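Let's take a walk through this fold together, starting with the whole chain and then stopping at a few spots inside it. Keep the structure open in your viewer as you read.

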Amino acid sequence: MSEALKGTVSTNFTILGNKGSIDFDYDLSLFNNSAKDYNHELCRLACKFVTVGYDDLTEDESAEAVSGYPWTQYGLKKVLDEIGFTHQEIQPKADRDEVSYFIASKDVELESGKFNLVVAAFIGSYKKTWFSNFDPYGVDRVCNGGKGYAGDDEKGIIHLGFADARDYVFGKIKSFIERNKSEYPIKILITGHSRGAATANLLGAKVLSAGGFGDGIEIDTENTYIYGFATPNYADVKKVDIKDERFKQIYNIVSPEDFVTEVLPKGCGFGKYGTVYSLLGQDNSSLSDYAQEKTNVQPLYEKYKENMVYAPYKKGNKDVRKVAKVMAESMPSLDAFYDKKMKECFNDYTPFEYYKYTLCGYVAGDDTPEDKENINRAMKLMLGSAFDLIGTCSTYRKISKFFVFKEGLGGATGNKIGKEYFNDAHRCETYLAYLMTMSEQTLMNNTEN
């Protein structure tokens with residue numbers, strides 16, 4: 001355990017075909033500090049881990065002996081290798097009710113003693129997991145014999161799609177620790193982005209409540225570090241105490257311009273555990289500060305996404321709030337989300353079906369002929385309902401317009417309609433660029449709860 005605790009790994013990576021690079025500065029002595037206190041540098045480190053976790057995968061049969069899977073992510077692997085993580089498990093693919101992840105561990109010697117440092121990072125939605133994101137009751141589960149991974153006892157209390165991901169990785173991390181035993185006590189960093197942030201949040205709460213992973217795998221509260229980026233809402237605040245003091249050390253970084261952090265809508269009574277800090281936006285800063293921050297972010301964004309220009313919403317978060325309000329009105333309860341029929345292109349669809357056939361159908365991958373048919377259907381439905389004044393209700397028309405004009409249907413229109421405002425506001429690279437330029441005090445001044 002004589003390796004240096006500090007260093008820099010410069011690595012290239014590719015995310016969804018876009019090349020980028022990052023100077024991965026790390027300082028493992030940050031884990032001397034208690035997990036109960038927010039640490040800006042540790043937050044940045046966590047976000048770096050998650051960002052390189054998005055690195056596109058490469059088929060590699062030789063990797064199976066190390067990670068258990070016949071592919072690798074070379075940018076991520078370089079970071080983990082050079083930091084000295086002796087044990088690694090990388091799983092960038094995920095089935096519908098799961099989440100993509102990587103786990104790595106190494107023994108470290110800190111001022112406070114010797115520890116087994118475990119990093120567990122969860123990546124955002126991967127293909128079919130989008131269907132799970134819009135299935136809070138878990139009615140369409142397909143994994144584990146259709147039962148998912150979480151029990152139905154949380155139905156209507158916690159988003160079961162995210163609870164499935166939580167219990168899935170709980171088992172993976174437990175097995176990883178058991179397989180790679182260390183004689184030292186554990187310090188664990190639990191982190192994620194988007195669906196991965198919801199997973200990290202819920203997993204962190206479970207580990208804090210249980211004092212570890214059970215069967216002798218004990219982890220002190222002070223050694224359980226939890227950071228999530230773009231964390232969605234998932235808990236019914238009427239049934240869950242989201243301000244539970246035990247979970248204040250779960251730190252969520254959100255953006256006022258990120259649509260994902262508004263789902264499930266606050267207007268319907270949903271929230272998340274922990275402390276919430278917000279990046280700068282037009283509604284929580286002066287226009288001059290906001291303009292300066294956008295200027296500061298751009299060079300880093302262009303580094304993380306080579307030669308790509310960051311496109312924030314022209315009206316800040318106004319469009320996001322508008323569509324979140326419309327969503328809330330369409331689903332005053334989760335029962336209504338599944339049962340309330342409304343018109344889209346002369347068909348009767350519940351909100352659950354609307355997202356299943358439009359947004360989810362488009363982003364759930366094109367691996368099979370059926371997938372490609374779903375994509376074509378999704379594009380036709382969303383484009384059609386965005387302009388249909390007769391056969392589509394105003395709710396679906398407004399939501400479809402948001403995705404068409406603020407995202408361009410993910411490029412489905414060849415960038416002829418809309419820009420990637422939705423994507424740019426939500427990307428992990430965007431969160432990292434903001435965190436690297438914003439001071440700790442500025443971020444903490446924007447505490448939401």
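A contact here means heavy atoms within 4.5 Å. With that in hand, residues 24 or more positions apart account for 67% of the contacts in the chain with a separation of 6 or more. Before going further, keep in mind that this is a predicted model, where local features need pLDDT of at least 70 and side-chain atom pairs count only at pLDDT 80 or more, while totals for chains, interfaces and linings use all residues. Residues are numbered from 1 along each chain as its sequence is written, and side-chain values use heavy atoms, with hydrogens and water left out.

Now the overall build. The chain has 16 helices and 17 strands; these are DSSP runs numbered from the N terminus, with helices being H or I of at least four residues and strands being E of at least two. Its radius of gyration is 21 Å, close to the 22 Å that the globule rule gives for 449 residues, so the chain is as compact as a globular protein of that length. (That radius is taken over C-alpha atoms, and the rule is 2.2 Å times the number of residues to the power 0.38.) Along its principal axes, the C-alpha trace spans about 70 × 50 × 45 Å. Of the 449 residues, 59% count as buried, meaning under 20% relative accessible area, with exposed being over 50% and partly exposed in between (1.4 Å probe, protein chains only).

Next, zoom in on helix 3, residues 74-83, where Gly75, Leu76, Val79, Leu80 and Ile83 are buried. They cover an arc of only 130 degrees around the axis, which puts them on the same side of helix 3; the arc is that of the directions from the helix axis to the C-beta atoms. What do the buried residues of helix 3 pack against? Their partners are strand 1 (6-15), strand 2 (18-27), helix 1 (40-53), strand 5 (87-91) and strand 6 (101-110).

Threonine 129 is buried, with a relative accessible area of 1%. Leaving aside neighbours within four places in sequence, threonine 129 is in contact with Ala94, Asp95, Arg96, Glu98 and Arg195. Phenylalanine 403, in helix 13 (residues 394-411), is also buried, at a relative accessible area of 2%. The C-alpha atoms of phenylalanine 403 and arginine 195 are separated by 19 Å, and the two residues are 208 apart along the chain.

The structure holds four cavities of 30 Å³ or more. On a 1 Å grid over the protein atoms alone, a cavity is a set of points where a 1.4 Å probe fits but cannot get out, and a pocket is an open set with protein on both sides within 12 Å along at least five of seven lines; lining residues have an atom within 4 Å of a point. The largest cavity has about 180 Å³ of space. Of its 17 lining residues, Trp130, Asn133, Phe134, Val260 and Val263 are the closest to its centre. Helix 4 (129-133) and helix 14 (421-426) are the elements that give two or more residues to that lining.

Definitions and conventions. Grid points are joined across faces, edges and corners, and a volume is the space filled by probe spheres set on the points.
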